[in-house]
Amino acid sequence: MDEMELKESLAAAGLLVVEGWGDPGGLIPPFVTGQAPSCPPGGGRTESLLDIEDPLLLEKANAAWYRLSTEAGLFAEVDRRFLVGLTFDEDGPSQWICVELQESWDIMGVGASRVLGSGYCRPEFRMLSLDGSVLSCGTTWESAISTFTVREPGNSQVFRKFAEWVATGEIGHPEDSVAAYRWLEGL
């Protein structure tokens with residue numbers, strides 16, 4: 001996916017790419033946050049599960065994402081910017097892209113059918129607050145979709161252990177390994 005396609009896909013979901021935003025070095029790497037579904041409930045994780053057969057799935061899923069994300073502090077009403085974890089090509093490194101939530105948005109429908117998931121109401125995304133203290137995720141299970149937040153991801157043993165493995169260079173792109181090492185060193 002090229003940069004223009006990415007911007008158009010995010011814009012369709014109601015997310016405007018913030019230009020000129022630099023590398024947020026020192027934050028949990030997006031590749032590491034792929035382990036978020038393995039974080040146990042409690043200890044900073046709050047979740048909403050919705051049955052994929054629910055006739056109001058789209059409305060409920062979007063509302064759950066917004067409620068959980070604002071309550072946890074992914075963004076604020078006065079500053080609706082946050083980071084979205086993306087990989088531009090299959091073999092490339094993951095990276096954080098700064099976006100701003102627009103007045104009209106659809107994360108779980110149009111967004112999930114494009115860059116934020118595997119299909120309409122099938123989310124697969126990771127979003128991070130600008131300060132790195134809140135992770136908001138969406139994932140699809142066999143008969144449900146989940147939206148959840150993890151506060152203070154640096155305190156999670158799941159993320160730390162996976163980051164240690166990534167830092168060895170045995171998994172992921174070399175840039176992901178460097179980012180994992182840098183993140184662990186900063187904890």
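Trainee: Which residues is Leu 15 in contact with, leaving aside its neighbours within four places in sequence?
Mentor: Leu 15 is in contact with Leu 10, Phe 82, Val 84, Val 99, Glu 100, Leu 101, Ile 107 and Leu 116. Contact means heavy atoms within 4.5 Å. This is a predicted model, in which local features need pLDDT of at least 70 and side-chain atom pairs count only at pLDDT 80 or more, while totals for chains, interfaces and linings use all residues. Residues are numbered from 1 along each chain as its sequence is written, and side-chain values use heavy atoms, with hydrogens and water left out.

Trainee: Which residues touch the most other members of the largest nonpolar core?
Mentor: Leu 10, Leu 15, Trp 65, Phe 82, Val 84, Leu 116 and Met 127 do so, in a core of 28 residues. A nonpolar core is a set of buried Ala, Val, Leu, Ile, Met, Phe, Trp, Tyr and Cys residues joined through side-chain atoms within 4.5 Å. Two or more residues each come from helix H1 (3-12), strand E1 (15-17), helix H3 (57-72), strand E3, strand E4 (94-101), helix H4 (107-111) and strand E7. The largest share, five residues, belongs to H3. Helices (H or I, at least four residues) and strands (E, at least two) are DSSP runs, numbered from the N terminus. A second, separate core has 19 residues, including Phe 148 and Phe 159.

Trainee: What makes Gly 20 buried or exposed?
Mentor: Its relative accessibility is 80%, so Gly 20 counts as exposed. Gly 20 lies in the loop between E1 and H2. Its C-alpha is 9.2 Å from that of Cys 98, although the two are 78 residues apart in sequence.

Trainee: What is the class of Gly 34 by relative accessible area?
Mentor: The value is 39%, so Gly 34 is partly exposed. Gly 34 is found in the loop between helix H2 (30-33) and strand E2 (45-51).

Trainee: How do you know whether Cys 121 is buried or exposed?
Mentor: Its relative accessibility is 4%, so Cys 121 counts as buried. Cys 39 also counts as buried, at 4%.

Trainee: How do the residues lining the second largest pocket divide into nonpolar, polar and charged?
Mentor: Ala, Val, Leu, Ile, Met, Phe, Trp, Tyr, Cys and Pro count as nonpolar, Asp, Glu, Lys and Arg as charged, and the others, Gly among them, as polar. The lining has eight nonpolar, two polar and two charged residues. Among them are Met 1, Gly 85, Glu 124 and Arg 126. A pocket is an open set of points on a 1 Å grid over the protein atoms alone, where a 1.4 Å probe fits, with protein on both sides within 12 Å along at least five of seven lines; lining residues have an atom within 4 Å of a point. The largest share of this lining, four residues, comes from E3.

How values were computed:
Buried means under 20% relative accessible area, exposed over 50%, partly exposed in between (1.4 Å probe, protein chains only).
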